[in-house]
Amino acid sequence: MSFLAFTFFLFLGSVLAGFVGALTGLGGGVVLVPMLTLLFGVDLKLALGASLVSVIATSSGAAAAYVREGFTNLRLGMFLEVATTLGAVAGASLTARLPHGVVAGVFGLVLLHSAYMGLRDREREARADPGPPDPLAVRLRLQGTYPGPRGPVPYAVRRVVPGFLLMGLAGVLSGLLGIGSGAVKVLAMDRIMGLPYKVSTTTSNFMIGVTAAAGAGVYLRHGYIHPDLAFPVVLGVLLGAVLGARLLPGAKVSRLRLLFSGVIALLGLEMLAQGLWG
């Protein structure tokens with residue numbers, strides 16, 4: 001395959017990755033890394049570096065639209081970024097010390113667990129209120145509203161400390177795996193902290209850019225970010241993220257959950273197989 005053909009197909013795949021990343025809050029990295037390694041034969045650590053750069057592009061492309069439409073909880077996102085940024089620096093420092101198979105295997109296991117958790121209790125929004133808001137969330141004024149069919153819908157934030165700790169783990173996985181750790185962020189906010197699903201995905205999109213930027217500097221220092229690879233990836237992911245952000249407000253939550261779980265389950269199996277058998 002010629003360089004121009006390689007770049008063109010890479011761009012098209014990146015558009016798809018950015019589109020899925022914006023709709024699900026994953027950041028596109030969970031699609032990009034398997035695509036680059038399994039379809040294009042790119043070295044895993046170079047793929048992780050390109051993925052981190054693309055995650056920043058996804059966040060930049062989708063986050064502005066979500067903030068403007070009133071879905072993103074900015075105050076909560078900035079609070080949780082303290083944990084994810086520290087974790088991202090630690091995770092990125094581990095990447096150069098771990099072998100290829102270990103990183104791929106961990107990536108696959110994280111994705112499969114995220115898919116399982118996303119499929120469980122897909123209709124949680126229809127259940128009774130899960131309990132009172134966390135007093136710490138009230139003190140920090142982390143509660144908010146999101147646009148509904150009949151006007152703003154208020155929601156509370158629960159279990160702030162467990163959510164904050166899980167965000168630290170999400171940061172480690174982001175730096176280690178180059179994925180923005182949107183899967184863990186969405187699950188933490190959706191299932192642990194009790195946020196509405198669209199608030200979880202949009203706040204995740206806002207957060208992943210900062211988390212990825214914290215780890216990208218370490219990748220750049222180790223030479224894992226290649227301009228010829230990162231440039232078409234960033235352009236494609238940015239275009240896909242903008243398209244995905246336009247569709248999310250009208251999308252059904254149940255379908256978003258199915259898309260979230262289906263994509264990462266398939267990619268998790270592929271990455272786990274690569275970690276086990278090369």
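L12 is partly exposed, because its relative accessible area is 41%, where buried means under 20%, exposed over 50% and partly exposed in between, with a 1.4 Å probe and protein chains only. The residue is found in helix α1 (residues 3–24); helices (H or I, at least four residues) and strands (E, at least two) are DSSP runs, numbered from the N terminus. Together with F8 and F9, L12 forms a nonpolar surface patch with about 300 Å² of accessible area. Such patches consist of residues with over 30% relative accessible area and no salt bridge, with nonpolar side chains (Val, Leu, Ile, Met, Phe, Trp, Tyr) joined within 5 Å and like charges within 9 Å. A salt bridge is a side-chain nitrogen of Lys or Arg within 4 Å of a carboxyl oxygen of Asp or Glu, and accessible areas come from the Shrake-Rupley method with a 1.4 Å probe, only the protein chains shown counting as cover for residues.

This is a predicted model, in which local features need pLDDT of at least 70 and side-chain atom pairs count only at pLDDT 80 or more, while totals for chains, interfaces and linings use all residues. Residues are numbered from 1 along each chain as its sequence is written, and side-chain values use heavy atoms, with hydrogens and water left out.

Helix α10 (residues 227–247) has 21 residues and should span 30 Å at 1.5 Å a residue, so the 30 Å between its end C-alpha atoms agrees; the expected span is 1.5 Å times one less than the number of residues. Among the buried residues of α10 are L229, P232, G236, G240 and G244.

Two loop residues remain. R141, in the loop between α6 (135–139) and β1 (144–148), has a positive phi near 55° without being a glycine. R141 counts as exposed because its relative accessibility is 53%. R159 lies in the loop between β2 (151–155) and α7 (160–177) and has a positive phi of about 50°. R159 is partly exposed, at 37% relative accessible area. Most residues other than glycine have a negative phi.
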